[in-house]
Amino acid sequence: METYRISSLSFTYPNRCEKALKNINISVNEGEFVTVCGKSGCGKTTLLRLLKPAISPFGDKEGKILFCGQDIEETDLKMQTEKIGFVMQNPDNQIVTDKVWHELCFGLESLGLKTPVIRAKVAEMASFFGIENWFYKKTDELSGGQKQILNLASVMVMEPNVLILDEPTSQLDPIASREFLELVKKINVELGITVILAEHRLEEAIAISDRVIVMDGGEIIADAKPDSVGRILKEINRDMFDAMPTPVRVFESVENDGKCPVTVREGKDWLSEFSKTHKSDETHLPKKEKSQNKRAVIEVKEAFYRYERTAPDVIKNLNLTLFEGEFLAVLGGNGTGKTTAISLIAGINKQQRGEILINGKKFSEIQNPDILGVLPQEPKSVFSKKTVFDELMGMTDSKLPKNERQKAVFEVAHLCRIADTLKSHPYDISGGEQERVALAMVLLKKPRILVMDEPTKGMDAHFKKIFSQILKDLKRGGASILMVSHDLEFCAEYADRCALFFDGSITAEGDTYEFFKENRFYTTSACRMAREVLPSCVTAKDIIFAIGGKIDEKKEDTDFNYTLDFEKELPPEKPKKKTAQGIFFVLSFAVLYLFRLFGNIGAEMPKRLLGAVAVVLLWCGLSCLFPQKELSPTDRFPQKTRLTKRTLFASVLIVLVIPLTIFFGVYYLGDRKYYFISLLIVLETLLPFFAMFENRKAEAREIVLISVLCALGVAGRIAFFMVPEFKPLLAVVILSGICLGGEVGFLVGAMTAFVSNFFFGQGTWTQWQMFALGIIGFLAGVLFQKGILKKTKLTISAFGFFSALVIYGGIMNPASVFMVTANPTKAMIYSSFLMGLPIDMVHALSTSFFLWFLSEPFIEKIERIKTKYGILK
C-alpha cells in the first residue's frame, strides 16, 4: 500500500519567479525508508513540509498529494497530527514545555486522551527510547542529542503512520548522530513506520535507507537504491556525487562490475578483496604540509569559566594556541564546552581565571575589533535587516563610495552562492543559505583572525568545496582560522591541526593526519575503512590515490556579472516641481491664516471655513516638501478598490446594529447591564470576522496573529497606565486595520477595550470604548487597504491624530453625558467636548507619536508574516 503518492507537484513561493519544486512525481510505500538529499535550497524542506498541510509553506501549488489514498488537503487536522509525525532540523524549535515528561504528554493532551491512557503511552515510549534516567529533567538541561531524541519520542507517542525528519542530525556530533539514526532505523524495522528523511550528512543515512531520492533545482535527478544512486550521479556528472558515503566514492573511482558497498563494513570487505588483485601505493599520497609554529595570534592560558557562581565549571584549565596562517579544527561531542570557549575568545563572556590574548593583547586592549571575525553557531543571531542585501551592505565600510560597497556585496554574494537570495528576508531562506549569508557577512569585514562555530552545519557537499577554497585563499592572505566542528571528513581534508575537546578542555591535539590515525572511534569513515589495508589513508581521496582510482576535479566558475537583476530601494528624491509646489502651498497657508486672524470677517462660519482650507493647504505643502515612501508599496494580496459585500455587511453592522445595541442598553436596561451589552457587542464584532471565512476554515496561525495584536494593545495600555491618555493602544488598533483589513481592525479595537478593562475596571463606559476603538480600526482598514489613503508615515500619523481627536473624542465625550443622565441637553454635550479637549489633544498627539515610530517596523513585520504564511489572503 502506498503511504504517499505525489503527482505533477510544482510549488512557487510568493514574490519569486523560480519554482521551488518542478513536476515532482514519486510514491512512497508503507514501511519504506526513503532518504531525500540535495544541495541547500534544492527544495527538500519544501517537499517535506508539503507532506503535512498543517506546516506547509504558503505559495502557488500545482499537482496532487495523496496520503493513504486520500487527497491530503481533505485530511482533518486531528488526523494530520496523529498520523503524520514531523521532526524539525533545530531541536529547540520543537520543544514547547519545560519538563521531559510534560513534553511527552503534550501531544496526547492536545488530542484529548484520558490521563490513564496518556500515562500508559508515555511510560511505554520512555522505555522504548531509553529515557527513564532523564525523564524528570528540565528540557533546557538536555544535550542536543537528548533534545532530538525527545522530539522523536514526542512524535512517536502519538503512533503516526509516517515519520518525516528534516535534517535532524545537523546539530549533533558524529556519535550522537549515529545513535539517533540507529534509533530511527529501529522504529522503521521494528514498528514498520514509513520514514522519509532529508539529510546532508549521508555517511550513515544512506546505509540504512531502502531508497535514495536526489534533488537539484527543485527536480528529482535520481531515485534508486543506495547501491545504485552513486553510479547514476557519476554518469550524469552531478555535484551530489561528492556527498555520497566514502565506500561509494571509492568504489566508483575504479573500473569494476561488482556490487557497490555502502557501509564501512562492506567497504572494508571490498577493499580487502580489491587489494588482493590490484596494487596499492601509499608512498605517492598527497602530502599535507605540517604546520610551522609561527607567531601565536590566539593564546588561551589555564582558563576557567562557569555560567553561575554555584554551578560547576564549564571550561576547566583550557590551554589553546592558534598560530598565524594556521587552520586549527576543534572537535568534540555536544555539551563539552566548545561553544563556550568560542564565546570567551570572542569577548562575549569573560573567563573567571586564566588569560586570553589576541595578538598578544587582552580583548579590551584591541584597538581594531574587526581584526577578529566570529561566525556563531546560530546564523540567525547576526541578522537584523529586512533583506540579505541590507545585511551585507551593513557589513561594508560606510566610508567607501556606494558603488564600491555594492560591488563588494555582489562579489561576496557570488562567492558564497547567495546571489539569488539578495531580495529575500534572511529568515525566509533555507538553513544552509543562512549559514552562507552569515559567512558572507564575516568575509566582508576581512578579518585577520576568523573564529567559526559549526560553519559546515547545513552546508551541502558542493558548497563545502567552495568553502574550503575560501579558507585556503584566506590562509594565503595571512589569515588564521579557528573552527569548531562536528564534520570530521571536512576537518581531516583541510585542517592543518586538530584538537579534541572533552569536559571543558583540550585532551588531545596534533597534526591532522596523526590525530585521525591515532583515533579509532572519533575518526573518519575512510580511516575506519582502510585502517588494516592502507593504514596511512585518512580521507576518501587518500584511498582513491592509493588504489589508482580517478578523481574528477571540477573547476569552479569565478566569472561574475556585476549587473544583477536587483534594484536597491532608495528613498525617493524630491523633484524640483514638487518642491516648488510645496513652497507655494505653505505660502498660501500663511497668507490665508494671517487673513483669518487679522482680516475683517464678521461671521463665525467663514472663519472656520478659512481655517479648514488653511489646514488643507498646509498638509499639501508638507506632503510636497517631505515626500514619504509608501510603507507597503506592493500589496501581497491586492484589494479591490470597490467595497465587497462582506465589507458592506460589516459597515451596516458597525454603523447601525452596534449603536442600536448601546442605545438599547442605555435606555431600556438602565445602563446597568453593561457586561451583557459588552458581550453582545463582542458577538456582533465577531460576525464580520467570521464572514471572512465563509469559503474556508480559519487557520490557527491567523487566530494567533489577531490574538497577539489584541494582547499588544492590552499590554500597551497597561504599560503606560501612569500617564493619562498617553498610550499606544489606538496606534496598535489602527495598524491592525491597515495591515489586516477593516473587519480585523474592528475586532482588535473592540476586544482590546473589553479585555484591558478587566485591569482598569469594567463599567458603562466599556461598551462605548469598544465601539469607538472598533470603528477607528474598521475605518483604517477600509481607507488604507482600498487605497483611499496612502500607507506613508505622515498620512498614518495624521489619520491617528484625526481619529483620536475627532472620532474617539467625538464618541466618548457625549458618552460621558449619556452615562450620567437620561435627559442630556446640548449645553451638556458642548461642555463635555470643551472639558475633554485637553485630554483629547494629549491622546491625539500620543497616537501620532506612536504611529510615527511604530508604523514602519509594524507594517513590515505583519506584511512579511502575511506573505510567508498566506494569512487572511
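## Residue T339 in helix α11

T339 has its place in helix α11, which covers residues 338–345. The model described here is predicted. With a relative accessible area of 38%, T339 is partly exposed, because this value falls between the 20% limit for buried residues and the 50% limit for exposed ones.

Leaving out residues up to four places away in sequence, T339 touches Q377 and D453.

## The protein as a whole

The protein has 873 residues, and buried residues make up 50% of them. Its secondary structure comes to 29 helices and 19 strands.

The accessible surface of the protein comes to about 42100 Å². Carbon and sulfur atoms account for 57% of that surface.

Helix α5 runs over residues 144–156 and holds S154. G145 also lies in helix α5.

Is S154 buried or exposed? S154 has a relative accessible area of 10% and is therefore buried, the limit being under 20%. When its neighbours within four places in sequence are set aside, S154 is in contact with E103 and L104.

G145 likewise counts as buried, at 11% relative accessibility. The C-alpha atom of G145 is separated by 7.4 Å from that of S177, a residue 32 places away along the chain.

## How α5 packs against α6

Two packed helices are described by the angle between their axes and the distance between the axes. For α5 and helix α6, the latter formed by residues 174–191, the axes come within 10 Å and cross at roughly 20 degrees. That angle makes α5 roughly parallel to α6, because angles under 35 degrees are counted in this way. The crossing of α5 past α6 is right-handed.

Which residues of α5 and α6 make the contact? On the α5 side they are Q148, I149, L152 and M156. On the α6 side they are F180, L183, V184, I187 and L191. By class, the residues of this contact of α5 with α6 divide into eight nonpolar, one polar and no charged.

## How α24 packs against α29

Helix α24 comprises residues 700–719 and helix α29 comprises residues 826–869. Their axes come within 12 Å and cross at roughly 165 degrees. This makes α24 roughly antiparallel to α29, because angles over 145 degrees fall in that class. In passing α29, α24 makes a right-handed crossing.

Helix α24 contributes R701, L705, L709 and L712 to the meeting of the two helices. Helix α29 contributes F858, I862, I865 and Y869. The residues of the contact of α24 with α29 divide into seven nonpolar, no polar and one charged. R701 is the charged residue, because Arg belongs to the charged class.

Terms used: Residues numbered from 1 in each chain as written. Predicted model: local features only at pLDDT ≥ 70, side-chain atom pairs only at ≥ 80, totals over all residues. Heavy atoms only, no water. Helix = DSSP H or I, 4+ residues; strand = E, 2+ residues; numbered from the N terminus. Buried < 20%, exposed > 50% of the residue type's maximum accessible area, 1.4 Å probe, protein only. Areas by Shrake-Rupley, 256 points an atom, 1.4 Å probe, with all protein chains shown as cover. Axes fitted to C-alpha atoms, helices over the stretch in contact; angles between N-to-C directions. Parallel < 35°, antiparallel > 145°, perpendicular 65-115°, else oblique. Left-handed = near helix turned anticlockwise from the far one by under 90°. Contact = heavy atoms within 4.5 Å.
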